[in-house]
There are 2 protein chains.
Amino acid sequence: MFLEKIKSPADLKKMPTNELETLASEMRKALIEKNSVCGGHLASNLGVVELTIALHYVFDSPRDKLIFDVSHQTYSHKMLTGRNAAFLDPEQYASVSGYTCPDESEHDQFSIGHTSTSISLVCGYAKARDVLGNTENVVAVIGDASLDGGEAFEALNYVGEIEGGLIVVVNDNDMSIPENHGSLCEKLTELRNNNGEIKDNYFKSLGFNYIFVKNGHDIENVINALQQVRDTKEKVIVHVCTQKGKGYAPAEKDREKWHWAHPFNVETGKFISNGPKENYGAICREFLLNKMQQDKKVMVIVASTPLCIGFNAENRAKAGAQFMDVGIAEQNGITITAAMAKYGCKPVFATNSTFYQRAYDQIEQEMCINKCPATMIVTHASVFGHSNDTHHGLLDMALLGNIPGLKYLAPANKEEYLAMLDWSIDQNSEPVAIRVPWTGVTYSDYEIDRDYSEVRYKETQKGNKVAIFALGGFYSLGIQTALAFENKTGIKPTIVNPRFINAIDENYLEGLKKNHSVIVTVEDGIISGGFGSKIAQYYSETSFRVLNCGFSMDIPNRYVPAELISSNGLTPVKITDRILKVMENL
Amino acid sequence: MFLEKIKSPADLKKMPTNELETLASEMRKALIEKNSVCGGHLASNLGVVELTIALHYVFDSPRDKLIFDVSHQTYSHKMLTGRNAAFLDPEQYASVSGYTCPDESEHDQFSIGHTSTSISLVCGYAKARDVLGNTENVVAVIGDASLDGGEAFEALNYVGEIEGGLIVVVNDNDMSIPENHGSLCEKLTELRNNNGEIKDNYFKSLGFNYIFVKNGHDIENVINALQQVRDTKEKVIVHVCTQKGKGYAPAEKDREKWHWAHPFNVETGKFISNGPKENYGAICREFLLNKMQQDKKVMVIVASTPLCIGFNAENRAKAGAQFMDVGIAEQNGITITAAMAKYGCKPVFATNSTFYQRAYDQIEQEMCINKCPATMIVTHASVFGHSNDTHHGLLDMALLGNIPGLKYLAPANKEEYLAMLDWSIDQNSEPVAIRVPWTGVTYSDYEIDRDYSEVRYKETQKGNKVAIFALGGFYSLGIQTALAFENKTGIKPTIVNPRFINAIDENYLEGLKKNHSVIVTVEDGIISGGFGSKIAQYYSETSFRVLNCGFSMDIPNRYVPAELISSNGLTPVKITDRILKVMENL
């Protein structure tokens, strides 16, 4: 086996080119086997095996800087840069993360997880290189879909002002996470169909030299193209056509499903588990499809993450013109949503917690200053969302919760979620965001309100001395804490489902003062700037004690949710102890 | 006078085209006269007089939707849509805002102040129109520089998926606020020089039909072009060449200076006042120029707002290759800054508080997760920054102050600002943002620290019972409040300059508990999620009282700073009363 012997790119460079194809097969096999056990970004990694070999064959990393956009497609890169054991030895499978990680290797330039930043990063490297008089190559490797993100354009546009050379490898696999969208995607198709020769070439229109590589799985072909541009003083696009899922038949066939694959049976191509049958994606989709059918003003807009609300290809087709995927372009998605609401439609935008970060300005300005009555669904907003530093869902309450004019709701269970969604879609007075409780589907044991115009917290258990405000996905944790506390002290605490993340129910808070002396807030996000901070501020001028329970800002590169919960003192037992400590000093 | 008689676009449409040039002269005269008294966006408005007349002549607003990007160039639009008195009658000069404002007129679709959103907005309108079966025209009017912003590209790219027609008028005046940057700008020059006929046309590469109008000041010419596209079912770019500052010689000559003009003498073209001689722009520039000369690793990066740190054309030339303007593209600017810091340079990025909103994700991900030791200067971060809802500087502490891994500093005076800047540029361990105290230049009466690695608050007056934490630009307000309080009560309060917006000096806060019972925080920003919220959270489990003084999230469309300060209870007398009220309940 060649792969075992590759401890660094230097070992790769010693191989004759006619052995590289065999190496590629070994790598592909390792990818499929590891992913069948662990899950992971399978289809995108299968597509870039040959391209990655060629990159390391031609360039001299880490002297030459290879920067991979999103970096979810760097499994092959990791195999060739001293981390092959993480793909060959099942006991070491967990030794590497799913993205580039400078702590793992000097070949990984940045921790990256969001799209469309790689060309900016190589611009910065190139500029620094030129200023300091260095001469190495700087290379961005970016998928076609990442070119949809505005920052990729900003950087392509700015490249002209860099003095020295700079290389952008466009890995064109004709896909985003679902199918691609937009005019650029059509132009790339035209380029693919015309051997790279068309009128009005987007890249040339921005001043780039342009090289077309028809078959990105022909290693020698790709090596030749890259050798041609190595040490260039120009700005060059190398447009490499690849096939997402290449070499594993099920993934070639259904590229969206295999973009991120659950553990699977290699023989049958069947996922071993698809996750829980009832999940908030499917629940939301069924509700929205029904609502859209009843009212053609209801529109659903996503930014390349339709599955976060369960819209697979079949359901997107069902929704027809009422469903829009703007590509990986959250700024445009939010602004379109705002304008549609202003016009009189009932638009619902949805994406993951972490991707809302791309559109703060558009939410604050176009959406909220203009009071556009749109709905924004925030998924994966939890310690359980994605468990790494670039994708976790712990910041959105501090981010969206301090925007003037935005109502940010936190349903605690299925019925409440749907009631809030229903209310929000039909109201026409304010922008609303809804934080889906990403801790598993639960059901209400109290009567659900239908109207969320006015800020009213919901008391679900009347007690005394201590009141536990258990927000959204952590409502169950609040219930469990109340039980643990009552068992230990004999005091029955009040339990509150606040429902409103960023608005104060003054009447309720004033009323609590009579029989309570300690308020406990429990939230599935950082406490800095979050829900609890508003309760702490409300009572800060009084003798009332407030204990904010949530996450610190110290979030590791990768984590196990249960461990992070425990180290932040967020178990029923630990919170009970914390309450008792506060009570000692009353 | 024609202008006086125009009460709505209907009156304009009745005019024969041969009278329109006279109307344009009258409008231009009104623009110059009003601006000479009030200040305003003069050069950009002078450039679009004829274009605006043509738009209202051809289209049928408000049925047809005209959406102006940034909307700082809509003075002529306001004149033609029922608001001519605001430009003709000095007593009514203040009756309109400087941007489109739906509260003023049904012809204003949105409150807009940030760039590059207009194409997204028309996409949303067009989609809604098509879904509801309507047929009106939707038209974006966007300046060439706004095309640099990533969102404009995202929308241009998405337009292909809209069913019906959509028109984008590119107002090409060959300028951003300063000169233009990037490859697109070069291509527009090529188009101007070749009568709109070139290879690899950017707009055509994104699937647009393209119409070129060589002289945007020839009204009939522009009218003809617009009539040609009215009611189109296609997606069309109308590229109109105009001259920024047209018709006022000093503004034609120095377009950057006259982009936003201070009140001026019409005859001489001299500004009546340039603002205070000593200002933080000039102070920062002199410091940076000196630092750059000593160390070629020091780089300054801006996103089309070089004047926020005093870099006019002359000083940009002085800085040479160590100065970069990435255009109106904050995402790219921040990511480039992060990469340069990672590489080993000492980059300093600067822009206004409100424009950091565009790059939250890049700051959180590329900059902070990667611990890139760059410096970000935050200007206009104050109630005194810009006094309207789209540009005020009151949100940045809630935005940047809750980002893991970012050190956010608030200097209180000139010496402290420069010491922090100096420290930040030379350190190489963490990303740092510095909030310039935008309340006027003040000087230190205490010894300034040189090192800000460790979080230590600065006590500048030892007192007892009450401690006033006076942050950054509101440090003076804290001092005045301390005096007012002492005069009224005889109690000398402790005064603290916290310096660190988002980090806790635990030792200091613990120490305070001995002789104090009330902490007062005073900050020039919203209190929700801001500095004071962290102090309130710190003490929330104790009997310690914390009074957070700052702004509520209720920020008007336009405001007078002194009035907003007063209505938020932020005068020394009002804060004193608030402290006394807290003390009553001790």
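Student: What should I know about numbering and confidence before I start?

Tutor: Residues are numbered from 1 along each chain as its sequence is written, and chains are lettered from A, with ligands numbered from 1, in the order in which they are written. This is a predicted model, in which local features need pLDDT of at least 70 and side-chain atom pairs count only at pLDDT 80 or more, while totals for chains, interfaces and linings use all residues.

Student: How is pLDDT read, and what does chain A average?

Tutor: pLDDT is the predictor's confidence in each residue, from 0 to 100. Chain A averages 96. In chain A, 100% of the residues score at least 70. The model scores ipTM 0.98 and pTM 0.98.

Student: How many helices and strands does chain A have?

Tutor: Helices (H or I, at least four residues) and strands (E, at least two) are DSSP runs, numbered from the N terminus. Chain A has 23 helices and 18 strands.

Student: What share of chain A is buried?

Tutor: A residue is buried if 20 or more other C-beta atoms lie within 10 Å of its own, exposed if 12 or fewer, and partly exposed in between; the C-beta atoms are placed from the backbone. By that count, 58% of the 586 residues of chain A are buried.

Student: What do contacts say about the fold of chain A?

Tutor: Two residues are in contact if their C-beta atoms, placed from the backbone, lie within 7 Å. Take the contacts in chain A between residues at least 6 apart in sequence. Of these, 77% join residues at least 24 apart.

Student: Into which domains is chain A divided?

Tutor: Domain bounds come from an automatic or database domain assignment. Chain A has domain 1 (3–265), domain 2 (280–435) and domain 3 (458–584). In chain A, 21 residues of domain 2 are in contact with 28 residues of domain 3. On the domain 2 side, α17 (396–400) and β12 (407–409) of chain A each supply at least two residues. That side has 11 nonpolar, 6 polar and 4 charged residues. Here Ala, Val, Leu, Ile, Met, Phe, Trp, Tyr, Cys and Pro count as nonpolar, Asp, Glu, Lys and Arg as charged, and the others, Gly among them, as polar. The centres of domains 2 and 3 of chain A, taken over C-alpha atoms, are 27 Å apart.

Student: How many residues make the contact between the chains?

Tutor: Chain B gives 91 residues and chain A gives 90. On the chain B side, α15(B) gives the most, with 9 residues. That side divides into 36 nonpolar, 37 polar and 18 charged residues.

Student: Why is α16(B) described as largely enclosed?

Tutor: 10 of its 10 residues are buried, so α16(B) is largely enclosed by the rest of the structure. Among them are Tyr360(B), Glu364(B) and Cys368(B). The buried residues of α16(B) pack against α7 (118–131) and α16 (360–369) of chain A, together with α15 and α17 (396–400) of chain B. Lys371(B) follows α16(B), and its phi is positive, near 50°.

Student: Where does Asn402(A) lie?

Tutor: Asn402(A) is in the loop between α17 and β12 of chain A. It is buried, with 28 other C-beta atoms within 10 Å. Leave aside its neighbours within four places in sequence, and its contacts include Asn502(A), Ala398(B) and Ser528(B).

Student: Is Phe485(B) buried or exposed?

Tutor: Phe485(B) is buried, with 25 other C-beta atoms within 10 Å. Phe485(B) belongs to helix α19 (residues 475–489) of chain B. Beyond its neighbours within four places in sequence, Phe485(B) is in contact with Val466(B), Ile491(B), Pro493(B), Thr576(B) and Ile579(B).
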